[in-house]
Structures are given as C-alpha cells and as structure tokens.
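Good morning, everyone. Let me put a structure on the screen and walk you through it.

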Amino acid sequence: MVHKKIERSLGAAYGTAKSGTGIAAMSVMRPELIMKSIIPVVMAGIIAIYGLVVAVLIAGSLDEPSKYSLYKGFIHLGAGLAVGFSGLAAGFAIGIVGDAGVRGTAQQPRLFVGMILILIFAEVLGLYGLIVAIYLYTK
C-alpha cells in the first residue's frame, strides 16, 4: 500500500516541479501573472489527495492477518494500482501542460482559457482512477 501512495505522490511531485519551472521562466517576462499561473501546481497537488483518500480507506479496513482474505488483499491492491497509475499519468499530463501553458500564456494571454480546459481534462484522468478505486474498495 505504501508504494501506491508513493506512485501518486510521484505524479503530483512531477506535475508541481514541471509546472513550477514554467512559472519561474514565465515570471521573468510577466511577473504580474505569477498568481494566475499557480493553478497547475494546485491541480497537481489534488492528485496526491486522491491517493490519500484511498490509502485511508484501505488502511481503515485492514484486519488482523487471520481475518484478511486473499480476495480482499487483491481488491485493495487493484484499488491502489488504479488510483496510483492514473495519478501518475495525470501528474505527468498536468506538469507538461502546465509548463507549456504558463509559458505560452505569458506570450499570448488568450491561451489561458485553453490551458485551463486541458488541465481539467488531465485532472479528470486522476479522478477516473479514484472512482475505479472506490468502486473496487466497496466490492
């Protein structure tokens, strides 16, 4: 379970780092847009929260080893994999779009709305993983 939390955190960390470098590069040209450009970093951080929710659910349902069935273990593993890999993919997508988006917005402010729409679609990838994980968890 711990390694699935690490996967989700890796996606969020990559998204934050990649978007952060774009913000730093953009702020040299247009420092007034810094606060507007924080949105990709916030969206990347939300990915880690999805993983935290699933980790807390799974940890709360753990029993002593004699009562913990193999079936339940595989269901929990599948839930962790679903939210983990989707969070990793979403974090990468948010990082790449956020980096290019804030740099592009600094040059052409009309790109901001398009960047936000693409970021929303990237964020939904992680949300799909959360939905699948919760569905698996309830089985």
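This is a predicted model: local features need pLDDT of at least 70, side-chain atom pairs count only at pLDDT 80 or more; totals for chains, interfaces and linings use all residues.

Start where helix H2 meets helix H3. From H2, the residues in this contact are Pro40, Met43, Ala44, Ile47, Tyr50, Gly51, Val54 and Ile58. They meet His76, Ala79, Gly80, Val83, Gly87, Ala90, Ile94, Gly98 and Val102 in H3.

Now the geometry. The axes of H2 and H3 come within 8 Å, and they cross at roughly 175°. An angle over 145 degrees counts as roughly antiparallel, so H2 is roughly antiparallel to H3.

Let's step back to the overall fold. How many helices and how many strands are there in the protein? There are four helices and zero strands. Along the sequence, the pattern reads α-α-α-α. The C-alpha atoms fill a box of roughly 60 × 20 × 15 Å, taken along the principal axes. The protein has 139 residues, and 39% of them are buried. Look also at the contacts with a separation of 6 or more: 79% of them join residues 24 or more positions apart.

Next pair: H3 and H4. Their axes are 8 Å apart, and the angle is about 175°. H3 and H4 are therefore roughly antiparallel to each other. The residues of this contact divide into 21 nonpolar, nine polar and one charged.

Now the core. The largest nonpolar core has 24 residues. Which of them touch the most other members? They are Ile47, Val54, Val83, Ile94, Met115 and Leu119. Which helices supply this core with at least two residues each? H1 (2-29), H2 (39-60), H3 (70-107) and H4 (111-137) each do. Ile47 and Val54 were on the H2 side of our opening contact, and Val83 and Ile94 were on the H3 side.

Let's visit the loops. Take Ser37, which sits in the loop between H1 and H2. Is Ser37 buried or exposed? Ser37 has a relative accessible area of 5%. Buried means under 20%, so Ser37 is buried. What does Ser37 touch, not counting residues up to four places away in sequence? The answer is Ile23, Met26 and Val102. Val102 also belongs to the H3 side of the contact with H2.

The other serine to look at is Ser61, in the loop between H2 and H3. Ser61 has 13% relative accessibility, so it counts as buried. Leave aside its neighbours within four places in sequence, and Ser61 is in contact with Lys72, His76 and Tyr137. His76 is one of the H3 residues that meet H2.

Ile46 and Leu117 are 71 residues apart along the chain, and their C-alpha atoms are separated by 16 Å.

Ala59 is in helix H2 too. At 39% relative accessibility, Ala59 counts as partly exposed. How far apart are Ala59 and Ile120 in space? They are 29 Å apart, C-alpha to C-alpha, and 61 residues apart in sequence.

Last topic: what the UniProt record says. Its entry is unreviewed, and it lists "transmembrane region" for residues 38-62, 74-99 and 111-137. In the model, residues 74-99 are 100% helix and 0% strand, with end C-alpha atoms 37 Å apart. Residues 111-137 are also 100% helix and 0% strand. Their end C-alpha atoms lie 40 Å apart.

The unreviewed entry also carries a domain annotation, "V-ATPase proteolipid subunit C-like", for residues 10-58 and 77-136. Residues 10-58 are 82% helix and 0% strand, and their end C-alpha atoms lie 20 Å apart. Residues 77-136 are 95% helix and 0% strand. How far apart are the end C-alpha atoms of that span? They are 10 Å apart.

To recap, we have four helices and zero strands. H2 is roughly antiparallel to H3, and H3 and H4 are roughly antiparallel to each other. Thank you.

Definitions and conventions: Residues are numbered from 1 along each chain as its sequence is written. Side-chain values use heavy atoms; hydrogens and water are left out. UniProt positions are given in the numbering used here, feature names are shortened, and annotations may be inferred rather than shown by experiment. A nonpolar core is a set of buried Ala, Val, Leu, Ile, Met, Phe, Trp, Tyr and Cys residues joined through side-chain atoms within 4.5 Å. Buried means under 20% relative accessible area, exposed over 50%, partly exposed in between (1.4 Å probe, protein chains only). Axes are lines fitted to C-alpha atoms, for helices over the stretch in contact, and angles run from 0 to 180 degrees between N-to-C directions. Angles under 35 degrees count as roughly parallel, over 145 as roughly antiparallel, 65 to 115 as roughly perpendicular and the rest as oblique. Contact means heavy atoms within 4.5 Å. Ala, Val, Leu, Ile, Met, Phe, Trp, Tyr, Cys and Pro count as nonpolar, Asp, Glu, Lys and Arg as charged, and the others, Gly among them, as polar.
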